[in-house]
Amino acid sequence: MADKIKLVTSKFSPYGHRVEMVLIEKNIPYEKQEIDLANKPDWFVKDSPLGKAPLLYVGKKVLFESIAICEYLEETFLEIPLHPKDPLTKAAHRAWMEVSSSVLAGTFGIIFSQNQEEFDIKKADVSTKLATLDKHLKFNPYFEGDKVSLVDIFFASAFKPLTFIDQKFTLEIFDLHKSLSAYVEGIITRGSLSKALPNDYEEIFKAFLERKKSHLLTMSFSL
Ligand SMILES: N[C@@H](CCC(=O)N[C@@H](CS)C(=O)NCC(=O)O)C(=O)O
């Protein structure tokens, strides 16, 4: 019998969303347990070496770090592959997966900004990253043509919070990047992301901004 798979994550974690998207896209049966990262259970602190979510329990073993988890799922559940076979193409996908993580880190930089100066610097940083993506990538409609890949899943989970703040706070961050924007719209509306996101995503996002005393909340918004 196959080992039981359990995802432990927080409702708001984009790193957890990317793992859950992989589970859904690959039709892998799984259980999910959501925890409150502001109030971590003892068992979670014990099992998570860095104290971060997500974790993936596979039978009695536990994995941490979302990239390692997704790569494990890709190598184990072969029926619906999400990586290209060719090693050179796969390496390029992995490189852009790293870039997606830097877009996500940049987005959190904007969210954590405490004043206008910090906000301007962090927003410029993300804009530079978007310009880099625009310069180097052509999507058709996904990264590798018609078929969704792991790299698209990584971009979907990274772009979800960015598009959320872009729309709610009218940041106009995609205005110079129309083709990237069309790609992003396609991946963030995939069913696997909708299923991975909690129904109360907006409220959770708002509570997170309040907890972090985000400078965004001083700007005009429609939450
Ligand atoms: N590199 C990690 C990042 C995970 C991460 O930063 N998770 C956040 C939630 S989005 C977390 O657990 N934060 C709680 C903390 O740092 O105490 C991964 O890819 O899994």
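Okay, let's start with the inside of this protein: of its 223 residues, 48% count as buried. Keep in mind that what we're looking at is a predicted model.

So what is it built from? The secondary structure comes to nine helices and four strands. If you walk along from the N terminus, the order is β-α-β-α-β-β-α-α-α-α-α-α-α. As for its dimensions, the C-alpha trace spans about 55 × 45 × 25 Å along the principal axes.

Now, contacts. Take the ones with a separation of 6 or more: 71% of them are between residues 24 or more positions apart.

The protein exposes about 11500 Å², and 54% of that comes from carbon and sulfur atoms. There are 29 positive side chains and 31 negative ones, and the centres of those two sets sit 3 Å apart.

Let's zoom in on helix H3, which is residues 66-76. Which of its residues are buried? They are Ser66, Ile69, Cys70, Glu71, Leu73 and Glu74. And what covers them? The cover includes three strands, S1 (5-9), S3 (55-58) and S4 (61-64), along with helices H1 (14-25), H4 (87-112) and H6 (150-168).

Last topic, the rings. How many aromatic pairs does the structure hold? There are 16. Here's one to find on your screen: Phe12 and Phe108, an edge-to-face pair, 6.5 Å centre to centre with 85° between the planes. That pair links distant parts of the chain, with Phe12 in the loop between S1 and H1 and Phe108 over in helix H4, 96 residues apart. Both Phe12 and Phe108 are buried.

Another pair is Phe159 with Phe174: the ring centres are 5.9 Å apart and the planes are at 55°, so this one is tilted. Phe159 lies in helix H6 and Phe174 in the loop between H6 and helix H7 (178-188), so the pair ties together parts that are 15 residues apart in sequence. Phe159 and Phe174 are both buried too.

And back to Phe12 and Phe108 for a second, as they belong to a cluster linked by ring pairs.

Note on methods. Residues numbered from 1 in each chain as written. Predicted model: local features only at pLDDT ≥ 70, side-chain atom pairs only at ≥ 80, totals over all residues. Heavy atoms only, no water. Helix = DSSP H or I, 4+ residues; strand = E, 2+ residues; numbered from the N terminus. Buried < 20%, exposed > 50% of the residue type's maximum accessible area, 1.4 Å probe, protein only. Contact = heavy atoms within 4.5 Å. Areas by Shrake-Rupley, 256 points an atom, 1.4 Å probe, with all protein chains shown as cover. Lys, Arg positive; Asp, Glu negative; His and termini not counted. Charge placed at Lys NZ, Arg CZ, Asp CG, Glu CD. Phe/Tyr/Trp six-rings, centres within 6.5 Å; stacked < 30°, edge-to-face > 60°.
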